[in-house]
Amino acid sequence: MRLYHGSNVEVKRPNLRRGRQKTDFGKGFYTTTQKEQAEHWTSIKLDRAQTGKRTVSVYEIDDAILADPSLKIREFNGPDEAWLNFVVSSRKGVMHDYDLVFGPVANDKVFTVVNLYESGVLDALAAIALPPSLN
């Protein structure tokens, strides 16, 4: 499996301890199978850091890792109520014990919808129906 990470610097060896805590899937190292998504993230990272250059790091991971019984894996196949609640909890800083989490990461448009759900303006069904796209 080929994975991509968009940043303002090359990341040869990911460090899981450096990730931000209150993100969609919690603290960790975020990658994508979509090169275009990683390229988009290079701009976001560069804007935040105000230093470096747009850089996509590429990793080849053996697919067998997904069958490793010693790993605790959580996979979301799309935005549903379980995904929405997981994202809200993670953004509040609630820790989980998964080794790997797979699924859609909210873009800027979806971020607004998640905030409306979290504040009680939208219920889960309405929030899931609203997002036009996920990154």
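**View 1. Ile65 in the loop between β2 and β3.** In this predicted model, Ile65 sits in the loop that runs between β2 (55-60) and β3 (73-75). Its relative accessibility is 34%, so Ile65 counts as partly exposed. Together with Ile61 and Leu66, Ile65 makes up a nonpolar surface patch whose accessible area is about 210 Å² in total.

**View 2. Strand β2 and its pairing with β1.** β2 pairs with strand β1 (residues 2-7) in the antiparallel sense, over six bridges. One of the residues involved is Thr55 in β2, the bridge partner of Ser7.

**View 3. The largest nonpolar core.** This core has 16 residues, and those touching the most other members are Phe25, Phe76, Trp83, Leu84, Val114, Tyr117 and Ala127. Two or more residues each come from α2 (81-91), α3 (108-118) and α4 (124-129). The most, five residues, come from α2.

**View 4. Aromatic pairs.** The model has six aromatic pairs. Phe25 and Phe86 are edge-to-face, with 6.0 Å centre to centre and 65 degrees between the planes. Phe25 belongs to the loop between β1 and α1 (35-49) and Phe86 to helix α2, 61 residues apart. Phe25 is buried at 6% relative accessible area, and Phe86 is buried at 14%. Phe29 and Tyr59 are also edge-to-face, at 5.9 Å centre to centre and 80 degrees between the planes. Ring pairs join Phe25, Tyr30, Phe76, Phe86 and Tyr98 into a cluster.

Key:
Residues numbered from 1 in each chain as written. Predicted model: local features only at pLDDT ≥ 70, side-chain atom pairs only at ≥ 80, totals over all residues. Heavy atoms only, no water. Patch = residues over 30% accessible without salt bridge, like charges linked within 9 Å, V, L, I, M, F, W, Y side chains within 5 Å. Areas by Shrake-Rupley, 256 points an atom, 1.4 Å probe, with all protein chains shown as cover. Salt bridge = Lys/Arg side-chain N within 4 Å of Asp/Glu carboxyl O. Helix = DSSP H or I, 4+ residues; strand = E, 2+ residues; numbered from the N terminus. Buried < 20%, exposed > 50% of the residue type's maximum accessible area, 1.4 Å probe, protein only. Pairing = 2+ DSSP bridges. Core = buried A, V, L, I, M, F, W, Y, C linked by side-chain atoms within 4.5 Å. Phe/Tyr/Trp six-rings, centres within 6.5 Å; stacked < 30°, edge-to-face > 60°.
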